[in-house]
Every structure is written in C-alpha cells, then in structure tokens.
Amino acid sequence: MTHTIITALAIFIVILTGLSIYGVIPALRIVPDDTKFDFMRFRRISFPISALLSMLAIGLYFVHGLNFGIDFKGGTLLEIQTKSGPADIAALRAQLTTLNFGDVQLQQFGGPNDVLIRIAEQPGGDQAQQAAVQKVRQLFGDSVDYRRVEVVGPRVSSELLAYGTVGLMLAIACIFIYLWFRFEWQFSLGAMIANVHDIVLTLGFMSITQIEFDLTSIAALLTILGYSLNDTVVIYDRIREMLRRYKKMPMTDLLNTSINSTLSRSIITHVTVTLALLALLLFGGKAIHSFAATMTFGVVLVGTYTSIFIAAPILIYLGVGENRGGENRGGEDKPSKPEGK
C-alpha cells in the first residue's frame, strides 16, 4: 500500500512538473512582486514581547524544570504489546506495583495493545536495572511481546546530558564564527541572538508542556538551530546585497525590501516543512513524538517569527548601515522591483 501511494505521488509530481515547464499550468506567485509590507514597524513590539517570553521561559526552566527521559535521568524503558487484546493499563499497573520498583509510569500509545513502561532508576547500578527487566519479564511471561527495552545507568545518563549541552554550545559558537567570516560581526551577533532566542523559547515550551526531554530532543534543538540559521542567512544575504547597491536608502526601508523580496521563498519553505512535521507529529508514533513536537514549535512558530521580526531588525540596533556613504551605483535611490530568491 505504501509503495503504491509513493509511486502515485511521484507520477503526479512528474506530470505537474511537465505541465509547468511547457506552460500549461501558469506560474504560481505566492507573493506579488510589488509587496511592500512594513515589517520594521513591529520591532518596537516584537523585541519587548520576545524579551518577556524569554524571561518567562528561563523562569519556567528553573522553577518547573524539564521532563527528563530515561536517557538523561537513568532507569528502564520497556515497550510491550499485549497478545490477548487491548491492554488493561490499571491491571498492568497493579501487577507492577507488587515488584516494589518505586516510581513506575505506564502510557498507552499507538494501538490499543501497545504500552510504554518507565521504571525509575533502581539503587545498585546497572546490575539492579538489568534485574528489574528480568523481574518484569518473569511477571508478564509470554503474555506480551517486548518491542523495545532500554536500560540507562546514572553515569551514562549524566554523560549524555553533558555531551548534549556541550554539543548545543559548540553549534552556536560555530555558527557565530561562520557568520563572522561570511558577513560582518554585527550579522554574526544578530544571528547568534536569534538562535539563542529560538532555543530559550523552545526549552520554555518543553518545560510548560512537560514533553519528554531525551536525545531526540537534543537532535530537534540542533535541527532548529540549522533551520533558523538557513532562513536568517537568506535574509542577511539579501540585506548585504542591498547595502552594496543602495547607499542612501534608509535602513528600515532597506530591511523591509530585503524581507519582502525573500517572502515568497520563506512562505513556500515554511508551508512544506510544516506539512512534513505535522505528518510526523500525528502519525510518527511515540518514539519520535518529542522530536516532532519540539520541531513543530521551534521551526514553524519560533523560527519563522525570529528570522523576520528579530534577526533582521536587530541589525538596526547593532549599527549596520550607519557608515554608508557616496552615491548609489547607477544613481538608484530605491529598487524598482523586489527581487525573488
């Protein structure tokens, strides 16, 4: 069934591409060429709102904390599937209570037969965690299938958390250095502030929703960094081009023109990414739920907003374009028409 759907979609795309090449289907313009939306007028609103939300997110992190998964706090995770019909969560919990494991969490996901069991870290190191798995296997016997079993000791979990944090910091530092060489230090600092803003708000979202924070969440945060950077660099590249061509254009007008000229590309990219992420979120299952939810918030909501309303206008406050002088190349005072990207 899956192969049939993929084949049908591929054929449909090929047909649409051919019709578009030969002019049967007219070109679709998401944003008109003469769009002149004033994004910069919102900077006096977007910056205070972002500062307030960032402080709230930091407060949530220290007060409410994150819902660390097995990867970061240690313990045992078992994914089972009952053979005799839909799982009775209450009965399974009552059976596990007799083993005296302490904190045990059961969650139904996927089909009615699928259950996710989380057992808190047992005193006694890795041997105690393995012993807990064996007790569960003896308790349920052959009445269930074991789809996944993960055991993470306290030492490994702390190392994973440390490595994940270091990875995020190194990614931000490398982004800062890369943009410094490619553009100027103001662009690099602006992009770094925007990226940190994305990470802080995403962590606040994870804290308030208590989505499980595990290794896939680290992967999601790194992906958000890369995606937000890509969107920011597209806008920054157009800003740099405009700065070279229009020496006398006011900075707010130049930033507006740069964003409007890349708006069609941004909308198409964000819509397609949103559709893909929604598919992962709705049909991806429990294994990637935290990744998909984090990506949906970080890319669709925060990343899109940050690239336009934070990364671009912050260049005004960093002094970009203040030392421009001389006449425009070719005597132009303003662009006759925004250029698409």
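Helix α7 (residues 185–209) meets helix α11 through A194, H197, D198, L201, T202, F205 and M206 on the α7 side, with contact meaning heavy atoms within 4.5 Å. On the α11 side, the partners are A293, T294, F297, G298, V302, G303, Y305, T306, I310 and A311. This is a predicted model, in which local features need pLDDT of at least 70 and side-chain atom pairs count only at pLDDT 80 or more, while totals for chains, interfaces and linings use all residues. Residues are numbered from 1 along each chain as its sequence is written, and side-chain values use heavy atoms, with hydrogens and water left out.

**Helix packing**

- Two packed helices are described by the angle between their axes and the distance between the axes.
- For α7 and α11 the angle is about 145° and the axes are 9 Å apart; axes are lines fitted to C-alpha atoms, for helices over the stretch in contact, and angles run from 0 to 180 degrees between N-to-C directions.
- Helix α8 (residues 215–245) and helix α10 (residues 263–283) have axes that come within 11 Å and cross at roughly 165°.
- α8 and α10 are therefore roughly antiparallel to each other, the word used for angles over 145 degrees.
- The α8 and α10 crossing is also right-handed, and here Y227, N230, D231 and V234 of α8 meet R265, S266, T269, H270 and V273 of α10.

- T294 sits in helix α11 and is buried, with a relative accessible area of 0%; buried means under 20%, exposed over 50% and partly exposed in between (1.4 Å probe, protein chains only).
- Leaving aside residues up to four places away in sequence, T294 touches T202, M206, A220, L221 and I224.

**Aromatic rings and charges**

- The model has 13 aromatic pairs, where rings of Phe, Tyr and Trp (its six-membered ring) pair if their centres lie within 6.5 Å, with planes under 30 degrees apart counted as stacked, over 60 as edge-to-face and the rest as tilted.
- F39 and F309 have ring centres 5.9 Å apart and planes at 65°, so this pair is edge-to-face.
- F39 lies in the loop between α1 (2–21) and α2 (43–63) while F309 is in helix α11 (residues 289–311), so the pair ties together parts that are 270 residues apart in sequence.
- R137 lies over the face of Y146, at 4.5 Å from the ring centre.

**Loops**

- Most residues other than glycine have a negative phi.
- Q210 has a positive phi of about 55° although it is not a glycine.
- Q210 lies in the loop between α7 and β6 (212–213) and is partly exposed, with a relative accessible area of 30%.
- G102, in the loop between α4 (89–97) and β3 (104–108), is exposed, with a relative accessible area of 66%.

**The whole chain**

- The protein chain has 12 helices and six strands, taken as DSSP runs (helices H or I, at least four residues; strands E, at least two) numbered from the N terminus.
- Buried residues make up 42% of its 341 residues.

Key:
Lys NZ or Arg CZ within 6 Å of the ring centre and 35° of its normal. Parallel < 35°, antiparallel > 145°, perpendicular 65-115°, else oblique. Left-handed = near helix turned anticlockwise from the far one by under 90°.
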